[in-house]
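Hi there,

Here is the structure I promised to pass on to you. Have a look at it first, and then read on for my notes.

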Amino acid sequence: MTMLSIKALLAGYLGIIFIGTFLLALPPMYMTNISFLDALFTSTSAITCTGLIIKNPGYDFTIYGQIVIMILVQLGGFGHMSMAGLIYLMIGKRLTAAEKDLINVAENLNNNSLNGIGKVVLHAAIFVLIVEFIGACLLCPYFAIKTGDVIGGIWAGIFHSITAFNNAGFSIFKSGLLPYQADIFVNITISLLVIAGGLGYVTSIEITQYCYSKVRYHRIFGLKSNARLNLNARIIIVVTLILLLCGMVNVLIFEWNNAKTLANLPLWEQIVNSFFMSANYRTAGFNIFDISGFNDSTMFFSLFFMIVGGGPGGTASGIKVTTLAILIALSISIMNNRKETIIFGRSIPQDTVSRAFGIFVIAMVYFAVATFIISILEPDIRFLPLAFEVMSAFATVGLSMGDGGVLSLCAKFNDLSLSIMIFLMISGKIGILAFTLIFIGRSKTKHVHCVQEKVLI
């Protein structure tokens, strides 16, 4: 990871954010008054795939503004560097080593060989288009029938398929997805799209190839396939499933008797709504019911799910599920007095363990400092909902306790607080460690080693 790559990544995102801001500020894009800061916040929220809104996409923006938001979400989800690399490949231009390295860093592909970057980008693009197309095919006719508007339903299906898969959480319905709380089809479809995007393109492609290999060998040759998932994929799958289950149980337990959320629903709807919220806790930000009615206990535990995020190389941010797995494995190793950090019978390199721990500490510092400053700037807002909003921005989740209407809580923030939220969304999207390196730079390699001395802990 070179400093040049990281700075180019930041410059690319900032450039797209300001282009999006300029477009959204044009008169054909909005139906109500939109200030420069409104346009800037919306553009940032879209390109970082967050979904926090201070202007309602279904009420304040025209169809043209919604298209701009959707394009920004797609660029942010797939990655503007991957998109540029794909265009290069389509026109027959070869990617240089520097360009391949930049894509590798930008999209968190962790590809050991730069020679395979072009192939990875192409496969990722195909995978994205296929999943979004399937999502649109499911949602378009359904929304068309539900709304009674064929054109509007088709547009809603396309928009929500893209924003769900890219974990953005934007909705063009004036009340969001709240009217679909009892709709099992919408709950499950949106949740699956969110999970598919949150796993990461590389992991999702590997899972698909693994399943295909298993089925192919069994049906054609009647043999068992020797295909296996690599350690990274296995960690992402297992931890994601555990977090989905824990998140669902968390909502069910703490909201079971809460009349403001789940108490008045049938058991099946309670389970489906809890699963929907669990899927959106860490990545997306769609609301199927008004979470401003959450108990404080639910809100508190939500912070832990949000900071984790999704898998590397995907649309989700946060510290990543792989970082969480490494930290848990490290804790187990310490308790068992082992020198190695082991996951699924494999030893994790010490530099990876150190990086995971550093990412977690830096993330907590960002969150604590930002929450402290905004709590001073916004003294009239309760601390826990405010902390929830800050974490939602930093982990680019998009969930919010709301402003009392359909907008996010940050719609009540002053300009300085909104600027901090914009900073958090950008830092969360680029990556906590990479963003921090932009400001402190890389330390030079020292050939002098200091004398070791023990410290009591």
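This is a predicted model: local features need pLDDT of at least 70, side-chain atom pairs count only at pLDDT 80 or more; totals for chains, interfaces and linings use all residues.

Most residues other than glycine have a negative phi. Asn-167 also counts as buried, because its relative accessibility is 0% and the limit for buried is under 20%.

Phe-344 is another non-glycine residue with a positive phi, about 50 degrees. Phe-344 belongs to the loop between β1 (341-343) and β2 (346-348). With a relative accessibility of 41%, Phe-344 counts as partly exposed.

Helix α7 covers residues 150-165 and includes Gly-153. Gly-153 is buried, at a relative accessible area of 0%. What does Gly-153 touch, leaving aside its neighbours within four places in sequence? Its contacts are Cys-140, Phe-143, Ala-144 and Thr-147. Tyr-142 is 11 residues away from Gly-153 in sequence, and their C-alpha atoms are 7.5 Å apart.

On to the salt bridges, where the count comes to two. One of them joins Asp-183 and Lys-146, with 3.9 Å between the closest N and O atoms. Asp-183 lies in the loop between α7 and α8 and Lys-146 in helix α6 (residues 117-147), so this pair ties together parts that are 37 residues apart in sequence. Asp-183 counts as buried, at 9% relative accessibility.

The side chains of Asp-296 and Arg-382 also meet in a salt bridge, at 3.7 Å from N to O. Here Asp-296 comes from helix α12 (residues 296-308) and Arg-382 from the loop between α14 and α15 (383-394), so the parts tied together are 86 residues apart in sequence. Asp-296 is partly exposed, with a relative accessible area of 40%.

Helix α14 deserves a look of its own. How well does its span agree with its 28 residues? At 1.5 Å a residue, α14 should span 40 Å, and its end C-alpha atoms are 41 Å apart, which agrees. The buried residues of α14 are Val-353, Ala-356, Ile-359, Ala-363, Tyr-366, Phe-367, Ala-370, Thr-371 and Ile-374. Phe-360, also in helix α14 (residues 350-377), counts as partly exposed at 31% relative accessibility. Phe-360 is part of a nonpolar patch on the surface, together with Phe-357, Val-361, Val-365, Val-369, Phe-372, Ile-373 and Ile-376. The accessible area of this patch is about 700 Å².

The largest nonpolar core has 127 residues, and the members that touch the most others are Phe-41, Leu-177, Ile-190 and Met-421. Which residues does Phe-41 contact once its neighbours within four places in sequence are left aside? They are Leu-52, Ile-53, Ile-54, Cys-410, Leu-418, Met-421, Ile-422 and Met-425.

How values were computed
Residues are numbered from 1 along each chain as its sequence is written. Side-chain values use heavy atoms; hydrogens and water are left out. Helices (H or I, at least four residues) and strands (E, at least two) are DSSP runs, numbered from the N terminus. Buried means under 20% relative accessible area, exposed over 50%, partly exposed in between (1.4 Å probe, protein chains only). Contact means heavy atoms within 4.5 Å. Patches are made of residues with over 30% relative accessible area and no salt bridge: like charges are joined within 9 Å, nonpolar side chains (Val, Leu, Ile, Met, Phe, Trp, Tyr) within 5 Å. Accessible areas come from the Shrake-Rupley method with a 1.4 Å probe; for residues, only the protein chains shown count as cover. A salt bridge is a side-chain nitrogen of Lys or Arg within 4 Å of a carboxyl oxygen of Asp or Glu. The expected span of a helix is 1.5 Å times one less than its number of residues. A nonpolar core is a set of buried Ala, Val, Leu, Ile, Met, Phe, Trp, Tyr and Cys residues joined through side-chain atoms within 4.5 Å.
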